[in-house]
Amino acid sequence: MITRTATARYEGLGKAGKGRVSTGSGVLSDQGYSFGTRFEGEPGTNPEELIAAAHAACFTMALSFALAKEGFTEGTLDTSAKVRLEPEGEGFKVSRSDLTLRADVPGIDEDRFRAVAEGAKANCPISKLLNAEIDLDYSLTS
């Protein structure tokens, strides 16, 4: 079992508050976030951006390993993720994650690629974690 950690601290309450988030690896160290970075486009990060990064990275790695398992040895996979935050009742929820993949995998046909990519989408650990609709749009050049 592997455990990864992150910490967050929020000083002040509501819109006036400001937060700092750090990861155990140190990749994020005391990075600022706030109402403004989450809802008003101010510089800094936010939880949904971090989820999008995690989902894009997890899916891309899962697909890479799935393609290697299928016997493919070369290729390039570029994925972006768009995570949607929308109102729900008096709060908000992450309702979906849209993955967009650009892939170059020499020698693979469209049907086989689709099956492997859909499997990676369903089985990457972050996809399993999200209780949201997950969409995958891709283009393949080979």
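Modeller: Let's start with a word we'll need a lot: two residues are in contact when they have heavy atoms within 4.5 Å. By that rule, and leaving aside neighbours within four places in sequence, Asn46 is in contact with Thr37 and Arg38.

Colleague: Before we go on, what kind of model is this?

Modeller: This is a predicted model, where local features need pLDDT of at least 70, side-chain atom pairs count only at pLDDT 80 or more, and totals for chains, interfaces and linings use all residues. Residues are numbered from 1 along each chain as its sequence is written, and side-chain values use heavy atoms, with hydrogens and water left out.

Colleague: How many helices and strands does the protein have, and what makes a stretch a helix or a strand?

Modeller: There are 4 helices and 6 strands. From the N terminus on, the order is β-β-β-α-α-β-β-α-α-β.

Colleague: Back to Asn46, then. Why is Asn46 called buried?

Modeller: Buried means under 20% relative accessible area, exposed means over 50%, and partly exposed is in between (1.4 Å probe, protein chains only). Asn46 comes out at 12%, so it counts as buried. As for its place, Asn46 lies in the loop between α1 (35–39) and α2 (47–69).

Colleague: What makes a pair of atoms a polar contact?

Modeller: You need a pair of N or O atoms within 3.5 Å; within protein, one must be able to donate a hydrogen and the other to accept it, and residues adjacent in sequence count only if both atoms are side-chain atoms. The side chain of Asn46 reaches the backbone oxygen of Thr37 at 3.3 Å. A polar atom of that Asn46 side chain also lies 3.2 Å from the backbone nitrogen of Glu48.

Colleague: And Glu48 itself: buried or exposed?

Modeller: Glu48 is buried, because its relative accessible area is 8%. This residue lies in helix α2. Beyond four places in sequence, Glu48 is in contact with Arg38, Val83, Leu85 and Val94. Take Val94: it is 46 residues from Glu48 in sequence, and the two C-alpha atoms are 7.7 Å apart in space.

Colleague: Why does Arg96 count as buried?

Modeller: Its relative accessible area is 14%, so Arg96 counts as buried. Arg96 is found in strand β5, and a polar contact of 2.7 Å joins its side chain to that of Asp98. Leaving out neighbours within four places, the contacts of Arg96 include Lys82, Ala132 and Glu133.

Colleague: What makes a group of residues a nonpolar core?

Modeller: It's a set of buried Ala, Val, Leu, Ile, Met, Phe, Trp, Tyr and Cys residues joined through side-chain atoms within 4.5 Å. The largest one here has 25 residues, and those with the most contacts inside it are Phe59, Leu63, Leu67, Leu101, Val105 and Phe113. The elements giving two or more residues to this core are α2, β4 (76–88), β5 (91–104), α3 (110–123) and β6 (133–141). The largest share, 6 residues, comes from α2. In soluble globular proteins, nonpolar side chains tend to be buried together.

Colleague: How much of the whole protein counts as buried?

Modeller: Of the 142 residues, 33% count as buried.
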